[in-house]
Amino acid sequence: MIHFASCSMRVMLLSLGLMAVAAPPALAVDAAPAVGVAQHSLTLPLKPSEMLRAPLAVWKPVLDEAATVLAKTAGQAASLGNAALVDLHIRQALLAQTRRDWPAVLAAVEKARAAQGGEAGRQTAGLLNAMLARKALSRGDDTWLRYHLRDAVLAMPWADVEPTILSFRDQLAKVQADQVEAFVVDRLDAPASVTRNQVDLGFLFQLLGVRFQLLEVMPSRAALVAGLDDAIARRRGAK
């Protein structure tokens, strides 16, 4: 079985708008899973790079298995520490995102924000997941996304979130789709072939995070960057 740590998974291509303890809104499921988070191995039906664009019918058995494990962990939520809770809600958000269960995405993001240790995390964790979920629920286009993201950022306490938003904007503007796919081919395919695609949950959710970035974030990147630029310009103008 491939463990998360064995593939240098903490290398980030982009802050995915998911929740992290140290640097929200990045996706950062720890290489060593938080104490209390269930461990489990499963088998991918295809190699990781092929799973990126595989239809949901191919993903369904894997997602169902992962959902069962997450449900067991969630049943013990009262006994989990904050790090384990954040880890759990990251995974719940990514699972819901892949299933296109938008209300569940929003619920997981809200819980993850509540478990954050700092104000920046409570404000920005899950930013992209929440915005893209709301766009889908509203049947909005990229213009909708741009201005709703702008308004969401403007509603945040700027002194608390400014460094996070500026860093996130720069990462989002620079990342390229071919970098995302190359990461999977270079870092995930070869190790998975050794174990015949048997992987742990950390590996699975890293792959789901990259899939979210490639299929949902990148097509709307221009609108997302524009929305962040609008908010940053407004705040700087106010100063």
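**Notebook: a helical protein, predicted model**

I counted 11 helices and 2 strands in the protein, taking helices (H or I, at least four residues) and strands (E, at least two) as DSSP runs numbered from the N terminus. This is a predicted model, in which local features need pLDDT of at least 70 and side-chain atom pairs count only at pLDDT 80 or more, while totals for chains, interfaces and linings use all residues. Residues are numbered from 1 along each chain as its sequence is written, and side-chain values use heavy atoms, with hydrogens and water left out.

**Entry 1. Layout**

I read the order of elements from the N terminus as β-α-α-α-α-α-α-α-α-α-β-α-α. Of the 239 residues, 50% are buried; buried means under 20% relative accessible area, exposed over 50%, and partly exposed in between (1.4 Å probe, protein chains only). I then looked at contacts, meaning heavy atoms within 4.5 Å. Among those with a separation of 6 or more, 78% join residues 24 or more positions apart.

**Entry 2. Cores**

I looked for nonpolar cores, each a set of buried Ala, Val, Leu, Ile, Met, Phe, Trp, Tyr and Cys residues joined through side-chain atoms within 4.5 Å. The largest has 60 residues, and Leu-204 and Phe-205 have the most contacts inside it. Elements giving two or more residues to this core include helix 2 (56–74), helix 3 (82–99), helix 9 (177–194) and helix 10 (201–217). Helix 10 supplies the largest share, 10 residues. A second, separate core of 6 residues includes Ala-96, Trp-102, Ala-130 and Ala-133.

I listed the partners of Leu-204, leaving aside neighbours within four places in sequence. They are Leu-42, Leu-44, Trp-59, Val-62, Ala-66 and Val-199.

**Entry 3. Helix 11**

I checked the length of helix 11 first. Its 18 residues should span 26 Å at 1.5 Å a residue, and the end C-alpha atoms are 26 Å apart, so the two agree. The expected span is 1.5 Å times one less than the number of residues.

Buried residues of helix 11 include Leu-224, Val-225, Leu-228 and Ile-232, and also Arg-221 and Asp-230. Helix 6, helix 7, helix 8 and helix 10 are among what covers the buried residues of helix 11.

I next took the pair of helix 7 and helix 11. They pack at about 35° with axes 8 Å apart; axes are lines fitted to C-alpha atoms, for helices over the stretch in contact, and angles run from 0 to 180 degrees between N-to-C directions. The crossing is right-handed, that is, the near helix is turned clockwise from the far one by less than a right angle. The contact residues divide into 10 nonpolar, 1 polar and 6 charged. Here Ala, Val, Leu, Ile, Met, Phe, Trp, Tyr, Cys and Pro count as nonpolar, Asp, Glu, Lys and Arg as charged, and the others, Gly among them, as polar.

**Entry 4. Phe-168**

I found Phe-168 in helix 8. Phe-168 is buried, at 1% relative accessible area. Val-225 lies 57 residues from Phe-168 in sequence and 9.4 Å away in space, C-alpha to C-alpha.

**Entry 5. Positive phi**

Most residues other than glycine have a negative phi. I noted Arg-139, with phi near 55°, in the loop between helix 6 and helix 7. Arg-139 counts as exposed because its relative accessibility is 78%. Arg-196 also has phi near 55° and lies in the loop between helix 9 and strand 2 (198–200). At 74% relative accessibility, Arg-196 counts as exposed.
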